[in-house]
Structures are given as C-alpha cells and as structure tokens.
Amino acid sequence: MPTKKAGKQTAGSRELSFTNKNGYDKVSPAELKRCEEYNRAYMDYLGKAKTERDAHDEAVLLLQAAGFRDMAQCARDGVKLNPGDKVYSSREGKTLMAVVVGRKPLEAGMHIVGGHTDAPRIDLKQNPLYENSGLAYFDTHYYGGIRKYQWVTMPLALHGVFVKPGGRKIKVSVGEDPSEPVLCITDLLPHIAGEQNQKPLGQAIPGEGLDVVAASAPAAGKDIKEKVKHAVLSILNKKYGVTEQDFQTAELELVPAGKPREAGLDRSMVLAYGHDDRVCAYAGLKAMLDMKGVPEHTACVLLCDKEEIGSVGSTGMESDLFEHEAAELLDLVSESYSELTLKRALRNSWMLSADVNALFDPMFPSFFEKRNSAHINHGVCVTKFTGAGGKGGSSDASAEFLAHIRRIFDRDGVVWQTGELGKVDQGGAGTIAKFMARHGMQVVDCGVGLLSMHAPMELAGKLDIYMAYKGYLAFMKDARK
Ligand code: MN
Ligand code: MN
C-alpha cells in the first residue's frame with residue numbers, strides 16, 4: 001500500500017505519461033455521425049473505383065461536378081489562374097492532380113496530400129487465352145506485392161481496356177453486378193494436398209499457377225480446333241468487337257468482385273478490396289472538395305499510379321511528372337515563369353504522403369512491436385519513417401515538421417497516432433514520400449492503418465478512415481502560423 005505522500009508524488013503521472021487511446025472514447029456523438037456519413041461516401045467511391053483507371057475517372061467526375069477545370073485546357077486557352085481557382089490535371093487516365101490555388105504565390109510552397117490509386121491485383125498477360133483439358137484459361141501476371149495463396153477460389157471481376165490500333169478504346173467490366181458472371185482461380189483439394197501443404201506459404205501457389213478459368217463450354221462447329229477457347233473469343237467479339245490479337249494492346253486486370261461491406265456486428269469497420277490506397281487518396285480528394293474558402297497556400301492532391309511497383313514509369317512519382325505538373329501550374333498562376341521560382345515552390349512545399357500503414361494484429365503479435373504499432377480506431381497514423389532494416393530507403397521526416405503536424409491535428413480535433421510497420425528487421429516498405437522529398441520539401445507519411453494489407457479483402461476501422469479525411473483537411477487549409 002502506498003502512503004499518502006507517495007500517492008501525491010504520483011498524482012501528476014496522468015499529465016506526464018502518454019497513452020495511445022481509442023478514438024471512440026475521444027469523439028462526440030455528432031462527430032461519430034459525420035464519421036458514418038463520410039464512410040458511406042467513401043464506400044460508394046471505393047465500390048466504383050476498382051482499378052487505377054476507374055479511381056481516376058470517378059475522381060474526375062467528382063472534381064468536374066465541383067467546378068474544377070482541366071489545367072491543360074486552361075493552358076491552351078491562355079487562362080491565368082487566381083487565388084481560389086480550382087483545376088485538375090490528368091496523366092494517361094491514371095495519375096491525377098487536383099489543385100486549389102492559394103492566396104500566397106506558388107513560391108511560398110504548396111500543401112500537398114499525395115496518395116495512390118493503383119492496388120495489388122492480377123493482370124492478364126499479352127497472350128493470355130489458352131485451352132487445356134476442356135477449360136479455357138487466361139494466363140496472368142500479378143501486379144504488386146500479393147500473397148498468392150490468398151487469391152485462389154474467390155470471385156474475380158475483369159476490368160480494363162482494349163485499345164484498337166486506330167486508338168479506339170473499349171472499356172471492359174465483367175463481374176461486379178450480381179447478374180454478371182465472375183472468374184476464378186482454382187486450388188487443390190485438401191484430400192490430395194499433403195505434398196503442397198508441406199511447402200512454405202510463399203511457394204504453395206507459384207506465379208504461373210494463378211491462371212484464371214475463363215470458360216468450360218465448347219463452341220459448336222466441326223472445324224474448330226479448340227472449341228472452349230473459341231467460345232471465349234466469340235463472346236468477346238460479340239460484346240466488345242475484339243479479336244485474340246487485341247489482347248496484345250489491352251490492359252485487363254482481375255480484382256475481387258463486389259462492393260465494400262461494413263464489417264463487425266457493430267458495423268465499425270469496412271472490409272473491401274483496394275483500401276490501399278484509395279482510402280487515403282479519396283480522403284485527400286474529399287478534403288479538397290469540402291475545403292471552404294481560399295487557402296493561404298496552394299492545396300494540391302495527388303492520386304498516383306504505380307506506387308505498388310515502386311512508383312516507376314511515366315505515371316509514377318519516381319518520374320519527373322510532379323515537377324512537370326508544378327511547372328505547368330506555375331505558368332498558369334504567374335506572369336513570368338522561372339526555374340528558380342519552380343524550385344522554390346517545390347522546396348517550400350509541405351506534404352502528407354497519404355498511404356496506409358499496418359495495424360497491430362492480435363493474431364500475429366510476434367511480428368509487431370505493440371507500443372509503436374498503430375491500433376485500430378486509434379486515429380489516422382503518422383509514420384515518421386518507413387524503409388527496411390536500419391530505416392533503409394526511407395524519407396525520415398524531421399521532428400520539427402512532425403511538431404507542425406501535431407499542432408495542426410490537435411488544433412482541429414484530429415484523432416491521430418504514430419505507427420511503425422512491424423518489428424525492426426521484420427521487413428519493411430516504402431511510399432511516394434522519398435520521391436517527393438527529392439525536391440527538398442517537408443514530407444511525412446500519414447494514413448489509415450489496415451489489417452490484412454494487400455489481401456484481396458482489407459479491413460479498416462471507420463474512425464481511422466474518417467480521421468484521415470479530417471487530418472488532410474486540417475493540413476491543406478493550414479496557414480502555417
Ligand atoms: Mn500503399
Ligand atoms: Mn501497398
């Protein structure tokens with residue numbers, strides 16, 4: 001039993017110590033109502049944004065409805081932009097930038113929220129169709145970091161485009177509406193899987209074992225060689241006017257079929273394909289759409305492509321795409337363009353790299369360090385550094401910048417936590433943060449924590465989903481005072 005005196009000495013421990021608390025204990029009923037509303041809008045978007053192209057197209061619709069104009073068109077028309085003007089720029093129908101011009105010159109720096117809209121999936125190869133033992137298959141090549149065993153025996157939808165040599169684009173979407181058929185990858189039955197069961201998890205299903213069953217009924221006709229394959233070609237020709245060679249100029253992606261679902265008996269979570277990273281990309285977009293008034297600093301939201309394979313290529317953030325878009329923007333907002341002004345605009349920018357992090361999973365406690373992991377519904381997760389091993393490959397945000405974010409979030413009632421992905425030396429990951437930091441800007445990772453990241457169905461807490469939106473809004477409208 002402590003003496004009275006000892007008790008007095010520890011009376012201040014509540015003020016001195018810090019505990020990462022559940023967000024549900026911190027927010028008002030009115031806030032929870034807004035949280036539910038926000039999640040409904042997010043689930044609606046996510047259900048339509050099943051690929052990076054869909055995510056882009058749905059975002060453009062929202063931007064246009066809110067009065068955002070195409071930046072390229074502004075440039076062609078010789079339009080100059082003023083504070084409060086809203087524009088967007090699209091690259092290849094995949095990467096998207098949206099901007100609200102601020103009061104201060106661009107040179108003072110932007111407030112950027114950058115997420116990505118590509119997600120791990122299974123792509124069709126360029127010569128995908130073949131027949132084997134009465135079944136027609138699509139040969140596939142997976143995209144991003146998937147655990148292959150998770151993708152078998154589940155309903156898959158086919159999305160994407162065929163592009164004809166003349167440039168005509170034919171959009172494909174099969175398997176989302178319950179009236180449409182789905183595709184699937186088969187797995188071995190347990191009765192004879194003894195040998196497969198002995199293999200390490202990562203080798204049980206090889207990359208070439210992810211071919212998807214496309215059909216089983218042979219086409220009618222005596223002279224046809226591979227009748228089931230022929231049947232598939234007939235169906236595609238009838239529906240889309242394409243032939244087998246058109247697969248060579250197509251981008252077709254298999255993703256889990258169906259809409260996001262509320263999860264838990266208390267409906268406190270969302271189970272869905274593609275939270276990573278549409279959950280952050282949409283939050284940034286929605287925050288920009290909901291931002292009232294003219295911000296001090298130009299606000300910029302990025303919905304990037306190719307993050308899941310290293311941000312490479314012309315639509316990835318490793319390219320000079322962002323620098324180019326910023327140059328176009330500078331040209332639209334200023335009387336005279338200079339490279340030094342552009343460099344200052346980039347260097348003086350602040351950024352939230354809006355990407356997901358891993359939540360502590362009580363089913364796998366040994367892979368996490370509990371005290372420094374993000375916990376479900378404890379708020380949007382701020383991650384000082386990513387990388388692997390000794391923080392290798394990370395953009396390590398400064399304490400000074402973190403302090404700014406802390407001040408902004410606390411001021412605006414954003415429930416937030418810090419989180420590191422897994423134990424030290426357990427593995428690691430990266431985001432677009434390091435590519436943006438190359439311009440000299442302040443950048444920190446900040447996004448929603450997930451359970452089962454990169455699985456066909458990822459799980460996220462509604463409160464975290466909402467707090468990402470709130471955090472991005474607070475950040476974009478902040479005046480840096
Ligand atoms: Mn991500
Ligand atoms: Mn990812």
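**Entry 1: ground rules**

I start with a term: donors are N, O and S atoms within 2.8 Å of the metal (3.2 Å for Na, K and Ca), and water is not among the atoms, so sites may look incomplete. My model is predicted: local features need pLDDT of at least 70, side-chain atom pairs count only at pLDDT 80 or more, and totals for chains, interfaces and linings use all residues. Residues are numbered from 1 along each chain as its sequence is written, chains are lettered from A and ligands numbered from 1 in the order in which they are written, and side-chain values use heavy atoms, with hydrogens and water left out.

**Entry 2: manganese, ligand 1**

**Entry 3: manganese, ligand 2**

Next I looked up the manganese ion (ligand 2): its protein donors are Asp276 (OD), Glu308 (OE), again Glu308 (OE), and His454 (NE2), 2.0 to 2.6 Å from it. His454 is in the loop between strand E21 (449-450) and strand E22 (458-461), 178 residues from Asp276. I see that His454 is buried, as is Asp276. What bridges the two manganese ions? Asp276 does, and the ions lie 3.2 Å apart.

**Entry 4: H9 against H14**

I followed H9 to helix H14 (residues 462-477): they pack at about 45°, with axes 8 Å apart. Axes are lines fitted to C-alpha atoms, for helices over the stretch in contact, and angles run from 0 to 180 degrees between N-to-C directions. Residues meeting here include Val279 and Ala283 in H9, and Ile465 and Leu473 in H14; contact means heavy atoms within 4.5 Å.

**Entry 5: Glu325**

My last stop was Glu325, in helix H10 (residues 321-333). Is Glu325 buried or exposed? Glu325 is buried, because its relative accessible area is 7%. Leaving aside neighbours within four places in sequence, I found Glu325 in contact with Met71, Ser89, Arg91 and Met97.

Note on methods. Helices (H or I, at least four residues) and strands (E, at least two) are DSSP runs, numbered from the N terminus. Buried means under 20% relative accessible area, exposed over 50%, partly exposed in between (1.4 Å probe, protein chains only).
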